[in-house]
Amino acid sequence: MLLALLIGCVCYSLPLPIGPLSDYGGVLDSYGRERISGLIKEAEEHLGTRVYVLASWDSPFADLDRYAYAVLEAWNLSEGHTILALFLKENNNWRVKVLSGEAADSAHPQLAQEIELGISDLVYHSRIEEAMVKLFSILENRVFRASASAKPTTGQGRSRVFLSLVVVAMVFLVAVFISRRICPRCGRVLRVRKRRSLGPYGSNNVLYYCRHCGFSRRKKREG
C-alpha cells in the first residue's frame, strides 16, 4: 500500500501526506498546527470522521477539482468515512476544494459541498486558519443534526405512545356515548328514565327518550 502511494504521488507529482495535516503552504505557526491537529483528532474520536487537510502552493494540474480528486485517490481516502480539504494558493489567491469519501457521503449526503460553501468566504479573504477551524464546526453541527433527526429520545417515544393511547381511548368513549345517548333522528342528547319491575326477580327498565322528536329506546337490565 505504501509503495503504491509513493508511486502514485511521484507519477503525478502529488504531495505526500505528512499525517492528517499537511501544511506545505506554511499557513500555520506551531500553535495553529497544534490547534488543527487537535480538532482532527477530536473529529475522529467523537464524530467517527477522519479529516485530512492539505495546504499547498503548487498544483500539478491546471484544474483544482482534478488535483483534489487525485489526492483523494492517492492518499487512499476515497472509500472511507473521510473528508479531504485542499487549500491551494495560486497567484496570491487562495482556493479550496472539499471532498468526502464514499462512507461519509453515504451517511451525510452533500456534506463536502456544505463545508466548502461554509468556508469559501474566509478562504477568499485569505483567512485560511479560520477556515480550517470553521470546517470542523460545520462538520460537528451536521453530524449531530443528522443524529438528532434520525434518533428520537426515549422520552419522546414514550410520550408519543402515551398520547396515541389517550386519543384511542377518547375516540372509543365518544363512540360509546354517541351510540347510547345521542338521538339517531335529530342528534339531541337522550334523556334516561329508570323503573324497577315488581317481584323478587324484577328487572330494571331503562328508557332512553328524546323530548324533541319523541324517539325512545328501552333496555332491560336484570336486577
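**View 1. The largest pocket has a volume of about 160 Å³.** This is a predicted model, where local features need pLDDT of at least 70, side-chain atom pairs count only at pLDDT 80 or more, and totals for chains, interfaces and linings use all residues. Residues are numbered from 1 along each chain as its sequence is written, and side-chain values use heavy atoms, leaving out hydrogens and water. A pocket here is an open set of points on a 1 Å grid over the protein atoms alone, where a 1.4 Å probe fits, with protein on both sides within 12 Å along at least five of seven lines. Its volume is the space filled by probe spheres set on the points.

**View 2. Strand S4 supplies the largest share of the pocket lining, four residues.** Lining residues have an atom within 4 Å of a point; among them are Tyr-69, Lys-97, Asp-105 and Glu-116. Helix H3 (64-74) and H5 join S4 in giving at least two residues each. Helices (H or I, at least four residues) and strands (E, at least two) are DSSP runs, numbered from the N terminus.

**View 3. Meet the largest nonpolar core, with 29 residues.** Such a core is a set of buried (under 20% relative accessible area, 1.4 Å probe, protein chains only) Ala, Val, Leu, Ile, Met, Phe, Trp, Tyr and Cys residues joined through side-chain atoms within 4.5 Å. Phe-87 and Ile-119 touch the most other members. H6 (128-150) is one of the elements that supply at least two residues, and H6 gives the most, eight.

**View 4. Look around Phe-87.** Beyond its neighbours within four places in sequence, Phe-87 is in contact (heavy atoms within 4.5 Å) with residues including Val-53, Trp-94, Ile-119 and Met-132.

Terms used
Buried means under 20% relative accessible area, exposed over 50%, partly exposed in between (1.4 Å probe, protein chains only).
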